[in-house]
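Here is a short report on one protein chain. Look at the structure first, then read on.

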Amino acid sequence: MSVGAHRLRVRNAAQIVTVCSRGERVLRGGEMGNVAVLEGEEGEGVGLAVDGDGKIEAVDLDSEIDAALQGCTFDHVIDASGQCVIPGLVDAHTHPVWEGDRVHEFAMKLAGATYMEVHAKGGGIHYTVDCVRRASLDQLYTSLDRRLTAMLTTGTTVVEAKSGYGLDLENETKMLRAIERAKREHAMTISSTYCGAHAIPKGSTAEDATQDVVNVQIPALRELCATGELSIDNIDVFCEKGVFDTDASRRILSTGKDAGWKLNFHGDELFPMNSGEFF
Ligand SMILES: [Zn+2]
């Protein structure tokens, strides 16, 4: 254990959820039902210490940590009396930038309509696309900020955030600018994803939409990344029967990969297409 300046000390907690107890890196399947919890004992709480590099250095009874880190100073000390400390949730798939809720579609779904039937009647993604195209960047940011704060309040600390309701350069850029602003101003840690191939725009075809994404949107967005206006981490495509087939998806993802973005796609969501085998 190192002596010296530390970033954080949490003390007096009733419980700390450590997830793994025997050195596993992850829990899978049935193991997920046995989440490890460290509990205080005989009136003494449990705590943790974070070193100067932001790494968790100790998780233990407070007396054990105090003994091991004697003489250390901490930038922040949090009294977690009576509280349970849990790891931050990493939300790996979200669409948090949107306008126009789709509550009215619940009635259609309850009456038995499928995702694609709702979509064909002008609902689903297309309804949101119309609302997002009409919204200003400020409007999009305001509702995104509110949603991220709600997520943070309920335990999410890292979120992957997609665009995908613009479906053209102007509006995809507007969505990505909202996410970029949140990256800079919001406390949430964000991984941003360009998802311009989330649906085929009304009046277009899969081939035209693919060409627009590959030849127009991605090159322009690469330019904005090069100038530092945007920082895109990942690219996503809706690889699905009746949307982007595996060939179109591969063209889109490989163009994104060339731009330096990590691959991330919706595959086998509605129809099995063995998508995972193609990429
Ligand atoms: Zn999705």
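A charge sits over a ring if NZ of Lys or CZ of Arg is within 6 Å of the ring centre and within 35 degrees of the ring normal. Two such cases are listed here.

| Charged residue | Ring | Distance from ring centre |
|---|---|---|
| R147 | W98 | 3.7 Å |
| K241 | F271 | 4.6 Å |

This is a predicted model: local features need pLDDT of at least 70, side-chain atom pairs count only at pLDDT 80 or more, and totals for chains, interfaces and linings use all residues. Residues are numbered from 1 along each chain as its sequence is written, and side-chain values use heavy atoms, with hydrogens and water left out.

The chain is assigned domain 1 (5–85) and domain 2 (89–277). Such bounds come from an automatic or database domain assignment. The C-alpha centres of domain 1 and domain 2 lie 37 Å apart.

Now the aromatic pairs. Rings of Phe, Tyr and Trp (its six-membered ring) pair if their centres lie within 6.5 Å; planes under 30 degrees apart count as stacked, over 60 as edge-to-face and the rest as tilted. The count is 2 aromatic pairs. One of them joins Y115 and F238: the ring centres are 6.3 Å apart and the planes meet at 75°, so the pair is edge-to-face. Y115 lies in helix 3 (residues 115–120) and F238 in strand 11 (residues 234–239), so the pair ties together parts that are 123 residues apart in sequence. Helices (H or I, at least four residues) and strands (E, at least two) are DSSP runs, numbered from the N terminus.

Buried means under 20% relative accessible area, exposed over 50%, partly exposed in between (1.4 Å probe, protein chains only). F238 is buried at 3%, while Y115 is partly exposed at 32%.
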